[in-house]
Amino acid sequence: MPATLPQIDDRAGEPAVEDWRAIAATLSRYVRARTSRVDVVEDVVQETLSRLVHQGRVQKLVSIYALGFRIAANLLVDHHRRDSRYVAERAEEPVSQAPLPDRVLVGREAVAILRDALDAMPPLRRDVLVRRRLQGQSCAAIARDLGLSPKAVEKHITRGLADLHKAMPGEAIACGRGR
């Protein structure tokens, strides 16, 4: 069952000091239930009370609590918007596209291993593999240039890739597949 809010005595048109303390406590509970930031709670309650005092001087308030809750809710929305704008500005900071130093080192090691594996291959297999994988030539063109059958070119490619696969350590292979 919701708690009933105390009514403000309308003797002189403005609530007494004790009444403002009760309003501040009620607003504080209301705001705390909607945000976990203590600094925002204090700011919103203080600004709400300030606006309530101003409105009370300008016009007669029918329900000071209803107006207080509305003002506090709007101030919370304003704080959220202001905070999200700052977060968006921070997120737009330029990020370096350069790879991290450890990734560069791993890449250099992998290139060195692949270079050694290519050097250890028979010259014909290495030539076929380089033409197909690095230069992008078709199997038919390689076969025609080297005087081989297309099936022989495919076997050289398969064996060359198997040699490269064997040369790579297990972590480098798994790392390369994840990209």
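Visitor: Leaving out residues up to four places away in sequence, what does arginine 131 touch?
Guide: Arginine 131 touches Gly136, Gln137, Ile142, Asp145 and Leu146, where contact means heavy atoms within 4.5 Å. This is a predicted model, in which local features need pLDDT of at least 70 and side-chain atom pairs count only at pLDDT 80 or more, while totals for chains, interfaces and linings use all residues. Residues are numbered from 1 along each chain as its sequence is written, and side-chain values use heavy atoms, with hydrogens and water left out.

Visitor: Where is arginine 131 placed?
Guide: Arginine 131 is in helix 5, residues 123-134. Helices here are DSSP runs (H or I, at least four residues), strands are runs of E of at least two, and both are numbered from the N terminus.

Visitor: Is arginine 131 buried or exposed?
Guide: Arginine 131 is buried, with a relative accessible area of 17%. Buried means under 20% relative accessible area, exposed means over 50%, and partly exposed is in between (1.4 Å probe, protein chains only).

Visitor: What joins the side chains of arginine 131 and aspartate 145?
Guide: A polar contact of 3.2 Å. That term covers a pair of N or O atoms within 3.5 Å; within protein, one must be able to donate a hydrogen and the other to accept it, and residues adjacent in sequence count only if both atoms are side-chain atoms.

Visitor: Which residue forms a salt bridge with arginine 51?
Guide: Glutamate 47, and the closest N and O atoms are 2.8 Å apart. Both residues lie in helix 2 (residues 38-58), four residues apart, which is about one turn of the helix. Arginine 51 is partly exposed at 37% relative accessible area, and glutamate 47 is partly exposed at 32%.

Visitor: And what about arginine 37 and aspartate 39?
Guide: Their side chains meet in a salt bridge of 2.9 Å, N to O. Arginine 37 counts as partly exposed at 36% relative accessibility, and aspartate 39 counts as partly exposed at 39%.

Visitor: How do the side chains of aspartate 163 and arginine 125 meet?
Guide: In a salt bridge, 2.7 Å from N to O. The pair links distant parts of the chain, with aspartate 163 in helix 7 and arginine 125 in helix 5, 38 residues apart. Aspartate 163 is partly exposed at 23% relative accessibility, whereas arginine 125 is buried at 16%. Elsewhere, salt bridges that share partners join Asp127, Arg131 and Asp145 into one network.

Visitor: New topic: which residues touch the most other members of the largest nonpolar core?
Guide: Ile23, Leu27, Val31, Val44, Val45, Leu49 and Leu52, out of 19 residues in that core. A nonpolar core is a set of buried Ala, Val, Leu, Ile, Met, Phe, Trp, Tyr and Cys residues joined through side-chain atoms within 4.5 Å. The elements that give two or more residues to this core are helix 1 (17-32), helix 2 and helix 3. Helix 3 supplies the largest share, seven residues.

Visitor: What does leucine 52 touch, beyond residues up to four places away?
Guide: Its partners include Trp20, Ile23, Leu27, Leu61 and Ile71. There is also a second, separate core of eleven residues, and Ala117, Met121, Ile142 and Leu164 are among them.

Visitor: How many aromatic pairs does the structure hold?
Guide: Two. In one of them, tyrosine 65 and phenylalanine 69 are tilted, at 6.4 Å centre to centre and 45° between the planes. Rings of Phe, Tyr and Trp (its six-membered ring) pair if their centres lie within 6.5 Å; planes under 30 degrees apart count as stacked, over 60 as edge-to-face and the rest as tilted. Tyrosine 65 and phenylalanine 69 are four residues apart in helix 3 (residues 64-91), so about one helical turn separates them. Ring pairs link Tyr30, Tyr65 and Phe69 into a cluster.

Visitor: Last one: what does the secondary structure of the chain come to?
Guide: Eight helices and zero strands. Of the chain's 179 residues, 26% count as buried.

Conventions. A salt bridge is a side-chain nitrogen of Lys or Arg within 4 Å of a carboxyl oxygen of Asp or Glu.
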